[in-house]
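Dear colleague,

I am handing over the structure below, and my notes on what was found in it follow directly after. Please read them with the coordinates open beside you.

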Amino acid sequence: MLNNARLLVTSPNARDWPDKKKPEVLFAGRSNVGKSSLINALTGQKKLAYTGKTPGKTRMLNFYSVDDKLLLVDAPGYGFAVSSNKNNVDFDKLMTTYFQLRKPEALLLLVDCRRGINQDDIMMKELADYYGINTLIVLTKIDKCNKDGRLSTSNAVSEKLNIPSSRIVWTSSENKEGIDNLEKRILAFCKK
Ligand code: GTP
Ligand code: MG
């Protein structure tokens, strides 16, 4: 369990973000894929990150500090423009600024095991590659997929993103399958 997590900052503006003193990982992916739920599952807190059935629940970058040792960063779903103080911030620009300024230890790219990837996922992976950032694919909601479904999505993602199967993990925030393993992977990225 990633204990003692707390929300530090919620903002699309780089000037508000905390100093990059600790390692951090970014959670990104399509809206509704389960980014915020995964942060709650990892930290053992039901209501740390805001979740919901309708897409676009997360609109800003949310920085969560874990025991003052590392940061988990929750992103909005692709295309969900973030706004604060009437300034609209374009999603692509937000991500480019984020990668450029913070160089996270890893991108956790979440993919729904029932849906697979789309063009936005490919662009996200390419952006991480461009900045030399490691990508770990997290197949989400595996409680909704049988073994064959998981495997076929996993293989398709591996092929389309040119990523080895060792860089793909399977999780369910619902029944907590794979959560401990993902935690280990996050800690390993943050040690380097
Ligand atoms: P945005 O912030 O809108 O981009 O969405 P998000 O990616 O943060 O998704 P969120 O965590 O809000 O979850 C979206 C919906 O999926 C919610 O209704 C969750 O309860 C549900 N959900 C998330 N993870 C799982 C899971 O592992 N299994 C199942 N069955 N449902 C899940
Ligand atoms: Mg969210």
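In which loop is Asp-68 found? Asp-68 is found in the loop between S3 and strand S4 (70-74), where helices (H or I, at least four residues) and strands (E, at least two) are DSSP runs, numbered from the N terminus. Before going further, please note that this is a predicted model, in which local features need pLDDT of at least 70 and side-chain atom pairs count only at pLDDT 80 or more, while totals for chains, interfaces and linings use all residues. Residues are numbered from 1 along each chain as its sequence is written, chains are lettered from A and ligands numbered from 1 in the order in which they are written, and side-chain values use heavy atoms, with hydrogens and water left out.

Asp-68 has a positive phi of about 55° although it is not a glycine, and with a relative accessible area of 46% it is partly exposed; here buried means under 20% relative accessible area, exposed over 50%, and partly exposed in between (1.4 Å probe, protein chains only). Lys-103, which is not a glycine either, has a positive phi of about 40°; Lys-103 has its place in the loop between H2 and S7 and is partly exposed, at a relative accessible area of 42%.

Metal site

The magnesium ion (ligand 2) is coordinated by Ser-36 through OG and by Thr-58 through OG1, at 2.0 to 2.2 Å. Ser-36 lies in helix H1 and Thr-58 in the loop between H1 and strand S3 (62-66), so this pair ties together parts that are 22 residues apart in sequence. Donors are N, O and S atoms within 2.8 Å of the metal (3.2 Å for Na, K and Ca), and because water is not among the atoms, sites may look incomplete. Ser-36 counts as buried at 7% relative accessibility, and Thr-58 counts as buried at 10%.

Largest pocket

The largest pocket has a volume of about 800 Å³, and of the 35 residues that line it, the closest to its centre are Gly-34, Ser-37, Thr-51, Ser-173 and Glu-174. On a 1 Å grid over the protein atoms alone, a pocket is an open set of points where a 1.4 Å probe fits, with protein on both sides within 12 Å along at least five of seven lines, and lining residues have an atom within 4 Å of a point. Grid points are joined across faces, edges and corners, and a volume is the space filled by probe spheres set on the points. Helix H1 (residues 35-43) supplies the largest share of the lining, 6 residues. By class, the lining has 7 nonpolar, 18 polar and 10 charged residues, where Ala, Val, Leu, Ile, Met, Phe, Trp, Tyr, Cys and Pro count as nonpolar, Asp, Glu, Lys and Arg as charged, and the others, Gly among them, as polar.

Aromatic pairs

A search of the whole structure finds 6 aromatic pairs. The rings of Trp-17 and Tyr-98 have their centres 6.0 Å apart and their planes at 65°, so this pair is edge-to-face; rings of Phe, Tyr and Trp (its six-membered ring) pair if their centres lie within 6.5 Å, with planes under 30 degrees apart counted as stacked, over 60 as edge-to-face and the rest as tilted. Because Trp-17 lies in the loop between strand S1 (5-10) and strand S2 (24-29) and Tyr-98 in helix H2 (residues 91-102), the pair ties together parts that are 81 residues apart in sequence. Tyr-98 and Phe-99 are also edge-to-face, because their ring centres are 5.7 Å apart and their planes at 65°. Trp-17 and Tyr-98 are buried, and Phe-99 is buried too. Trp-17, Phe-63, Tyr-98, Phe-99, Tyr-130 and Tyr-131 form one aromatic cluster.

Disulfide

A disulfide, meaning a pair of cysteine sulfur atoms within 2.5 Å, joins Cys-113 to Cys-145, with an S to S distance of 2.2 Å. The pair links distant parts of the chain, 32 residues apart, with Cys-113 in the loop between strand S7 (106-112) and H3 and Cys-145 in the loop between strand S8 (135-140) and helix H4 (147-161). The torsion about the S-S bond of Cys-113 and Cys-145 is about 100°, so the disulfide is right-handed, and both cysteines are buried.

With best regards
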